[in-house]
Amino acid sequence: LALPSITAAGYGIRWTPGRSSTSQRPEELSDTSDWYVARQEQSSCMAEEDKDLPREALYELHADVVQWGKDLEKGADQRLGKKQLDAVTTGVGSAIARSIRSIPAVKKLHYGDDGIRHFNFARISNDVLLGTILRGEQDLIDLKEKEGVCAVISMNEEWEIKEQGWDGKVFQKHDVKWLHCPTPDYTPPSLRSIVKGVAFIMEASLNHQFNSQAPPEITADGAAPQTPPPGGTVFVHCNAGKGRSFIVALCYLMLRHRLRSETVYRHIASLRKGVNLGTHRFAGYKEKLERFEKGMAALFHKHKIELQKPPYGLTT
């Protein structure tokens with residue numbers, strides 16, 4: 001399941017497996033986001049083809065990711081007062097998010113001059129779309145028919161979803177799997193939500209990869225396929241598709257394609273303008289990413305899996 005060559009519309013940045021990269025970076029990866037760029041190996045490397053793991057190894061890895069999520073859930077339940085603390089923290093985070101989102105200037109960011117809310121997304125791999133919150137049933141229908149979406153992960157809180165006038169029943173109606181991991185805006189998801197999301201995407205991707213034809217790759221010039229992909233795509237969203245959902249998609253691609261966080265970060269940032277986990281903006285995201293990386297390293301050690309070397313590169 002190779003990551004495709006995709007050109008970000010309007011951004012002039014192309015991420016292409018198998019080609020040398022340059023030291024030039026997207027503007028989102030400037031000084032404000034340098035915490036994750038601890039190494040620069042990818043700035044002058046030749047990338048190899050994405051060599052997937054054998055089927056049995058992939059399913060074994062997926063099983064362990066599922067178990068990891070269950071262990072995190074069990075551990076949280078057993079810690080005295082953890083649920084109560086989480087409830088208080090979530091309540092505070094939700095109140096802050098509501099206050100910020102009610103500011104006219106902030107609200108205007110998500111609406112056009114005609115008053116209609118924006119809906120946009122980017123295909124960051126053959127099996128993942130990253131984007132904004134669904135505005136209603138028609139957006140889901142379009143994603144399923146035009147992009148082959150078979151499952152959706154919503155990182156929004158309930159009040160955000162209700163504002164758009166839909167609920168979980170819409171996914172049952174259209175035979176689309178749904179995972180809801182409610183997380184206050186401007187707040188990082190819990191590690192267990194991230195792991196659950198990664199396992200959810202991986203399950204959908206593997207089931208499609210080994211039980212049907214894989215979706216066609218986007219062509220080298222960035223053009224979309226002439227026919228809709230047959231399915232197997234997971235749409236991951238929050239409000240703007242640049243924070244809560246971004247870290248879930250980031251962690252999935254790290255694990256699924258055995259890549260370093262900074263390599264995947266650069267790849268997604270080249271396709272979706274504005275994604276940012278910098279601590280100046282979202283406190284706690286860096287800590288969650290580091291914890292996921294440690295858990296991923298433990299799984300890779302158990303299964304004798306190595307990171308892909310050299311990593312994929314960015315080309316302009």
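**Briefing: fold, burial and aromatic pairs**

The protein has 10 helices and eight strands, where helices (H or I, at least four residues) and strands (E, at least two) are DSSP runs numbered from the N terminus. This is a predicted model, in which local features need pLDDT of at least 70 and side-chain atom pairs count only at pLDDT 80 or more, while totals for chains, interfaces and linings use all residues. Residues are numbered from 1 along each chain as its sequence is written, and side-chain values use heavy atoms, with hydrogens and water left out.

**Overall packing**

- Of the 316 residues in the protein, 52% are buried, a class that means under 20% relative accessible area, with exposed set at over 50% and partly exposed in between (1.4 Å probe, protein chains only).
- The accessible surface of the protein comes to about 14,800 Å², and carbon and sulfur atoms account for 52% of that area, as computed by the Shrake-Rupley method with a 1.4 Å probe, for which only the protein chains shown count as cover in the case of residues.
- When contacts (heavy atoms within 4.5 Å) are taken between residues at least 6 apart in sequence, 78% of them join residues at least 24 apart.

- Helix H4, which spans residues 137–147, has Asp 139, Leu 140, Ile 141 and Leu 143 as its buried residues.
- The cover over these buried residues of H4 includes strands S3 (121–125), S4 (128–131), S5 (149–154) and S7 (233–237), together with helix H6 (169–173).
- Just after H4, Gly 148 adopts a positive phi of about 70°.

**Aromatic pairs**

- Rings of Phe, Tyr and Trp (its six-membered ring) pair if their centres lie within 6.5 Å, and planes under 30 degrees apart count as stacked, over 60 as edge-to-face and the rest as tilted; by this rule there are nine aromatic pairs.
- One of them joins Trp 68 and Phe 292, whose ring centres are 5.3 Å apart with planes at 25°, so the pair is stacked.
- Because Trp 68 lies in helix H1 (residues 55–78) and Phe 292 in helix H10 (residues 285–302), this pair ties together parts that are 224 residues apart in sequence.
- Both partners are buried, Trp 68 at a relative accessible area of 14% and Phe 292 at 0%.
- Phe 119, Phe 121 and Phe 235 form one aromatic cluster.

**Cysteines**

- The structure holds zero disulfides, a disulfide being a pair of cysteine sulfur atoms within 2.5 Å.
- Cys 150 is partly exposed at 27% relative accessible area, whereas Cys 238 counts as buried at 3% relative accessibility.
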